[in-house]
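Student: Could we go through this structure together? I would like to learn how its features get their labels.
Tutor: Gladly; have a look at it here, and then ask away.

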Amino acid sequence: EVQLVESGGGLVQAGGSLRLSCAASGFTFDDYAIGWFRQAPGKEREGVSCISSSDGSTYYADSVKGRFTISSDNAKNTVYLQMNSLKPEDTAVYYCAASKVGRSCVPVDYWGQGTQVTVSS
């Protein structure tokens with residue numbers, strides 16, 4: 001059974017930091033790009049960041065470049081998203097995603113259940 005289990009969300013003040021984790025199981029981790037999408041209330045889901053498990057190449061949305069860092073621990077089949085200098089507009093449900101093909105994690109083959117990130121002003 002394929003699972004992507006997110007953790008690390010929560011409430012933080014603007015300017016603060018959070019680290020999200022995504023633990024993957026049920027598929028060959030090294031064959032996939034793993035990343036994060038987010039969806040704010042009333043908005044479409046958008047790609048945030050993605051990392052290739054095979055070569056470590058990364059993708060970031062312009063809105064998070066310089067503030068978020070994605071990393072992968074292949075030994076633990078886990079991907080992390082370090083989020084610094086958080087802004088209220090970063091408030092959303094963050095979803096972990098796995099993609100067999102896409103370097104920016106599109107198209108998505110598997111989704112996690114999501115974790116809420118709330119940034120207060």
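Tutor: Let's begin with the cysteines of this predicted model. When the bonded cysteines of the protein chain are numbered in sequence order, they pair 1-3, 2-4.

Student: How do you know that Cys22 and Cys96 form a disulfide?
Tutor: Two cysteine sulfur atoms count as a disulfide when they are within 2.5 Å. For Cys22 and Cys96 the S to S distance is 2.0 Å, so the pair meets the rule. Cys22 belongs to strand E3 and Cys96 to strand E9, so the link ties together parts that are 74 residues apart in sequence.

Student: What makes Cys50 and Cys105 a disulfide?
Tutor: The cut-off is 2.5 Å, and the sulfur atoms of Cys50 and Cys105 are 2.0 Å apart, so this pair passes too. Cys50 sits in strand E5 and Cys105 in the loop between E9 and E10, so parts 55 residues apart in sequence are tied together. By this rule the count is two disulfides.

Student: Which of these links is left-handed, and which is right-handed?
Tutor: Look at the torsion about the S-S bond. The link of Cys22 and Cys96 has -80° and is left-handed. For Cys50 and Cys105 the torsion is about 80°, so that disulfide is right-handed.

Student: Why is Asn77 called partly exposed?
Tutor: Buried means under 20% relative accessible area and exposed means over 50%. Asn77 has 24% relative accessibility, so it falls in between and counts as partly exposed. Asn77 is in the loop between E7 and E8.

Student: And what makes Ser85 partly exposed?
Tutor: The reasoning repeats: Ser85, in the loop between E8 and E9, has 41% relative accessibility, which puts it between the 20% and 50% cut-offs.

Student: How do you know that the peptide bond from Val106 to Pro107 is cis?
Tutor: Its omega is near 0°, and the bond is cis. Most peptide bonds are trans. Pro107 is found in the loop between E9 and strand E10.

Student: Which residues does Met83 contact, beyond its neighbours within four places in sequence?
Tutor: Among them are Leu18, Phe68, Tyr94 and Val117. Met83 is also one of the residues touching the most other members of the largest nonpolar core, which has 29 residues.

How values were computed: Residues are numbered from 1 along each chain as its sequence is written. This is a predicted model: local features need pLDDT of at least 70, side-chain atom pairs count only at pLDDT 80 or more; totals for chains, interfaces and linings use all residues. Side-chain values use heavy atoms; hydrogens and water are left out. A nonpolar core is a set of buried Ala, Val, Leu, Ile, Met, Phe, Trp, Tyr and Cys residues joined through side-chain atoms within 4.5 Å. Buried means under 20% relative accessible area, exposed over 50%, partly exposed in between (1.4 Å probe, protein chains only). Contact means heavy atoms within 4.5 Å. Helices (H or I, at least four residues) and strands (E, at least two) are DSSP runs, numbered from the N terminus.
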